[in-house]
Amino acid sequence: MEKYLINPNHKIAVISKDIYGHFSEHLGRNIYEGIYVGEDSDIPNKNGMRTDVISALKEMGVPVLRWPGGCFADEYHWMDGIGSKENRKKIINTHWGGVVENNSFGTHEFFELCDQLGCDAYINGNVGSGSVREMSEWVEYMEFDGTSPMAELRKKNGREKPWTIKYFGVGNENWGCGGNMEPEFYGNEFNKYNTFVRDYAGRGHIYRIASGPNKTDYNWTEGVMKVSHRHMNGLALHYYTVPGGWGDHGFATEFDDDKYLETIIDAYGIDDCINHHLSVMDKYDREHKVDLVIDEWGTWYNVEPGTNPGFLYQQNTIRDAMVAGLTLNIFNKHADRISMANIAQMVNVLQSVILTDGEKMIKTPTYHVFKMFKPHQNANLLSSYITTDFISRGGDKIPSLIESASEKDGVITSTIANVSLTESKEIKCQVADTDVKDVKAEIITGKKEDHNTFEDPENVITQEFTEFTKSSDGFTAKLPPLSVVSFAIK
């Protein structure tokens with residue numbers, strides 16, 4: 001039996017609600033069809049936003065949303081997406097599928113979406129093909145509460161009062177699709193552009209995020225931090241779990257045990273990756289003034305057969321639930337250094353929480369994990385430790401059990417992922433100096449390839465978990481293989 005210790009006397013940090021953030025890019029059927037159908041659609045909507053999708057996302061909890069990209073951000077010119085929709089410029093989305101982007105979803109529509117979701121806004125600016133002036137005027141358009149050219153233009157377009165930008169990304173993947181820059185060059189570009197992302201009087205501080213590394217590119221972190229660490233609030237890391245590497249990724253629902261292990265081991269690698277990047281950041285930022293922001297993460301497989309390769313549409317299985325569970329537990333454990341994370345992406349793209357097909361909508365296994373972990377948002381991370389065996393593939397191995405624990409409003413939330421393919425795990429949990437009065441639990445589990453379809457939308461759902469026995473200071477439990485379990489301890 002594995003020992004699981006939780007110490008509520010040792011509160012490490014507050015788990016930012018924004019660690020549970022999301023990402024919506026102009027990519028495939030993410031925004032158009034997935035979220036925004038227009039005011040004249042037969043699909044029920046409020047101001048063009050699908051009411052079924054909005055309702056599901058609000059139930060799950062979306063604290064912050066990143067937009068408009070992604071690679072699309074560095075070819076997006078914001079003035080194309082304001083004013084009357086019939087006059088908005090139509091462009092070609094060269095990054096994603098070569099389809100026409102009609103710009104009917106722009107700045108006003110994005111903030112309408114945030115308002116309906118009740119979430120904060122994370123705007124990503126254009127460094128790759130934009131200008132300092134363009135970025136500066138966009139911030140003025142969104143944030144300035146007074147008389148100025150951009151504020152007057154906003155009012156002309158129907159919005160009297162400014163919105164609030166919580167986070168602003170100065171470029172995206174500038175090592176690649178955002179301009180193929182060298183890190184020191186980008187660092188200087190960041191400094192220049194960032195200077196003109198203004199904090200207007202009485203409007204508060206906009207949290208500025210620099211374009212960070214791709215997975216294990218520690219050289220990028222080194223170069224950008226060396227040049228720009230005094231000017232940024234956060235550095236963005238992108239970490240995709242890509243079984244097989246950038247070639248044949250395999251399919252979301254068709255994979256064997258070895259491909260499962262490859263996926264899970266790659267996903268767990270984000271922990272070591274975070275630690276290495278933080279150690280590089282610490283060379284230049286010993287006071288930890290710069291946070292790590294993981295604003296793109298998730299699984300990336302081959303697209304579903306018969307779909308546009310540029311739309312990145314994939315299904316979502318119990319394997320993805322395991323990736324989500326272990327990843328979110330890892331993020332929680334780094335709550336003292338991670339201010340935000342954004343899964344890629346919200347609807348119909350990569351590891352989505354929602355899939356749609358016309359009027360139909362389904363919640364994916366990843367959706368249910370996010371909803372299960374919702375009590376961690378803005379809770380106090382507690383010191384915790386679990387003994388565990390390891391699963392291995394070749395020379396790589398990771399723990400079978402990955403956990404985190406937090407406390408808020410007198411309730412301790414403990415989430416544990418058992419990523420083993422075949423082995424149940426018995427655990428004995430002890431909560432230090434605590435008289436445990438009540439324990440409730442829920443679980444998501446199934447076969448590794450189990451998923452929801454439009455014909456069977458509830459094949460994988462969260463269920464009550466009862467395979468545990470409460471004790472005076474905790475509980476004992478038997479966790480099935482391929483499961484994510486959440487305990488609420490009072």
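Predicted model: local features only at pLDDT ≥ 70, side-chain atom pairs only at ≥ 80, totals over all residues.

**A residue and its surroundings**

Modeller: Leaving out residues up to four places away in sequence, Ile165 touches Phe111, Ala121, Ile123, Met142, Glu143 and Ile206. Is Ile165 buried or exposed? Its relative accessibility is 2%, and a residue is called buried when that value is under 20%; Ile165 therefore counts as buried. As for distance, Ile165 and Lys46 are 119 residues apart in sequence, and their C-alpha atoms are 23 Å apart in space.

Two further residues may be set beside this one. His26 also lies in a loop, the one between β2 (21–23) and β3 (45–46). With a relative accessibility of 3%, His26 counts as buried. The side chain of His26 makes a polar contact of 2.9 Å with the side chain of Trp67. Beyond its neighbours within four places in sequence, His26 is in contact with several residues, among them Trp67, Pro68, Phe72, Trp96 and Phe105.

Thr263, by contrast, is placed in a helix, α7 (residues 257–284). The relative accessible area of Thr263 is 0%, so Thr263 is buried. The side chains of Thr263 and Arg319 are joined by a polar contact of 3.0 Å. Not counting residues up to four places away in sequence, Thr263 touches Arg319 and also Thr241, Pro243, Thr299, Tyr301 and Val323.

These residues may now be placed within the whole protein. Its secondary structure comprises nine helices and 26 strands. The radius of gyration is 22 Å, close to the 23 Å given by the globule rule for 490 residues, and the protein is therefore as compact as a globular protein of that length. The C-alpha trace spans about 65 × 55 × 45 Å along its principal axes. Of the 490 residues, 60% are buried. Where contacts join residues at least 6 apart in sequence, 76% of them link residues at least 24 apart.

The surface and the charges complete the description. The protein exposes about 18,700 Å², of which carbon and sulfur atoms supply 47%. There are 49 positive and 71 negative side chains, and the centres of these two sets lie 5 Å apart.

Definitions and conventions:
Residues numbered from 1 in each chain as written. Heavy atoms only, no water. Helix = DSSP H or I, 4+ residues; strand = E, 2+ residues; numbered from the N terminus. Rg over C-alpha atoms; globule rule 2.2 N^0.38 Å. Buried < 20%, exposed > 50% of the residue type's maximum accessible area, 1.4 Å probe, protein only. Contact = heavy atoms within 4.5 Å. Areas by Shrake-Rupley, 256 points an atom, 1.4 Å probe, with all protein chains shown as cover. Lys, Arg positive; Asp, Glu negative; His and termini not counted. Charge placed at Lys NZ, Arg CZ, Asp CG, Glu CD. Polar contact = N/O pair within 3.5 Å; in protein donor to acceptor, adjacent residues only side chain to side chain.
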